[in-house]
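Colleague: I'd like to learn how to read charged side chains in a model. Could you walk me through it?

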Amino acid sequence: MTGTAPVPFTADDYKARMDRAARQAADAGLAGLLVAPGPDLVWLTGYAPPAVTERLTLLVLAAGREPVLVVPTLEAPDAEKATGAPALALRDWTDGKDPYALAAALLDDRGRFGVSDNAWALHLLGLQQALPDTSYVSLTEALPMLRAVKDAAELERLAAAGAAADAAFEEIRNVRFSGRRESEVAADLAALLRRFGHSQVDFTIVASGPNGADPHHEAGDRRIERGDMVVLDFGGLRDGYGSDTSRTVHVGEPTEEERRVHDLVREAQEAGFRAVRPGAACQDVDRAARAVIADAGYGDHFIHRTGHGIGVTTHEPPYMIEGEERPLVPGMCFSVEPGVYLPGRFGVRIEDIVTVTENGGRRLNDTERGMVMVD
């Protein structure tokens with residue numbers, strides 16, 4: 001199963017994104033945005049350089065001006081093929097020339113600019129040397145919600161990625177766990193994600209027994225035993241958009257305490273989901289899930305935020321965490337993933353990707369959230 005191909009994004013789609021980004025930058029008091037190769041550049045233009053090198057590639061966006069993509073001459077043919085290329089101007093530079101002088105000519109020499117988070121310090125320092133009166137701020141700080149609200153085509157891709165991750169879980173619950181290494185089950189999960197259409201696997205956490213108390217445990221050589229609780233957390237990119245889901249299974253019959261903790265986390269996850277609605281603050285989702293766990297006496301064992309945004313990367317704003325007061329808006333997508341972690345014993349996490357609708361929330365994962373027993 002790979003599913004049908006999504007509707008391709010068009011040059012008009014990318015133009016609308018670039019225009020919106022430039023307007024938001026102006027509204028934030030910025031002279032413009034400087035976007036280096038990475039997720040932001042792909043989202044804004046559809047262009048991913050064939051290789052990330054020391055040569056400067058930079059998208060310059062400013063309200064009221066045509067977008068300009070500065071590229072090395074040897075990569076200009078690839079840039080011209082990008083779907084968003086008709087909506088921008090290309091300026092290429094050859095080896096031996098100063099790319100910062102070319103970029104500087106496009107910028108306000110006293111402006112403050114938003115810079116994509118993954119821009120190289122080498123390039124930012126080069127711009128500062130060329131324009132010493134400019135200043136810079138990261139995009140995550142200046143425009144944290146730039147990619148947060150998804151359009152219908154993006155939601156379709158996220159839903160397909162979630163369905164593919166669900167299909168992988170339905171398959172993995174039928175394989176043998178007992179006696180196998182965590183790394184072997186993780187390899188099975190990665191293969192299943194690819195089988196169901198993922199082009200990129202970002203993580204396959206398989207945390208058995210006491211390893212389950214480490215939320216970001218990397219699957220290792222521990223052999224899974226009967227009686228183990230096993231946290232499965234996996235995801236990646238399908239058609240350019242992310243999946244991320246967690247389920248906690250048990251090898252054989254669980255104890256009464258293991259059932260009780262699993263039921264508690266499931267109740268907390270449901271409470272977090274029910275808190276999703278337009279206008280609610282991001283922190284309200286965290287508070288709803290956390291209250292359930294704290295009231296049961298396990299508050300000190302819920303040691304991470306309740307959720308993170310997802311889109312062209314598997315972790316991005318918005319974050320469901322205390323202190324994040326930004327309101328939820330229809331089209332936002334994020335995880336709801338409370339957990340309880342008992343050091344030296346076991347852990348439980350249950351996670352769905354959720355999108356905000358006009359009147360609440362919609363899950364993009366829908367596999368069994370109750371206790372699943374495996375062999």
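Modeller: Happy to! Let's begin with burial: a residue is buried under 20% relative accessible area, exposed over 50%, and partly exposed in between, using a 1.4 Å probe and protein chains only. Here, Asp40 and Arg147 are both buried. Keep in mind that this is a predicted model, where local features need pLDDT of at least 70 and side-chain atom pairs count only at pLDDT 80 or more, while totals for chains, interfaces and linings use all residues. Residues are numbered from 1 along each chain as its sequence is written, and side-chain values use heavy atoms, leaving out hydrogens and water.

Colleague: What do the side chains of Asp40 and Arg147 form?

Modeller: A salt bridge, that is, a side-chain nitrogen of Lys or Arg within 4 Å of a carboxyl oxygen of Asp or Glu. For Asp40 and Arg147 the N to O distance is 2.4 Å. This pair links distant parts of the chain, 107 residues apart: Asp40 is in helix 2 (residues 39–45), and Arg147 is in the loop between helix 6 (139–142) and helix 7 (152–172). Helices (H or I, at least four residues) and strands (E, at least two) are DSSP runs, numbered from the N terminus.

Colleague: How many salt bridges does the structure hold?

Modeller: The count is 26. One of them joins the side chains of Glu270 and Arg274, at 3.8 Å from N to O.

Colleague: Why are Glu270 and Arg274 separated by about one helical turn?

Modeller: Because they sit four residues apart in helix 9 (residues 256–274). Glu270 is partly exposed, at 28% relative accessibility, and Arg274 is exposed, at 56%. Both belong to a network of salt bridges that also links Arg247, Asp352, Arg363, Asp366 and Arg369.

Colleague: Which residue forms a salt bridge with Arg349?

Modeller: Glu337, with the closest N and O atoms 3.8 Å apart. Arg349 lies in strand 15 (residues 346–349) and Glu337 in the loop between strand 13 (333–336) and strand 14 (339–342), so the pair ties together parts twelve residues apart in sequence. Arg349 is buried, with a relative accessible area of 1%, and Glu337 is buried too, at 8%.

Colleague: And Arg238: is this residue buried or exposed?

Modeller: Buried, at 4% relative accessibility. Arg238 lies in strand 8 (residues 229–238), and its side chain reaches the backbone oxygen of Phe196 at 3.2 Å.

Key
A polar contact is a pair of N or O atoms within 3.5 Å; within protein, one must be able to donate a hydrogen and the other to accept it, and residues adjacent in sequence count only if both atoms are side-chain atoms.
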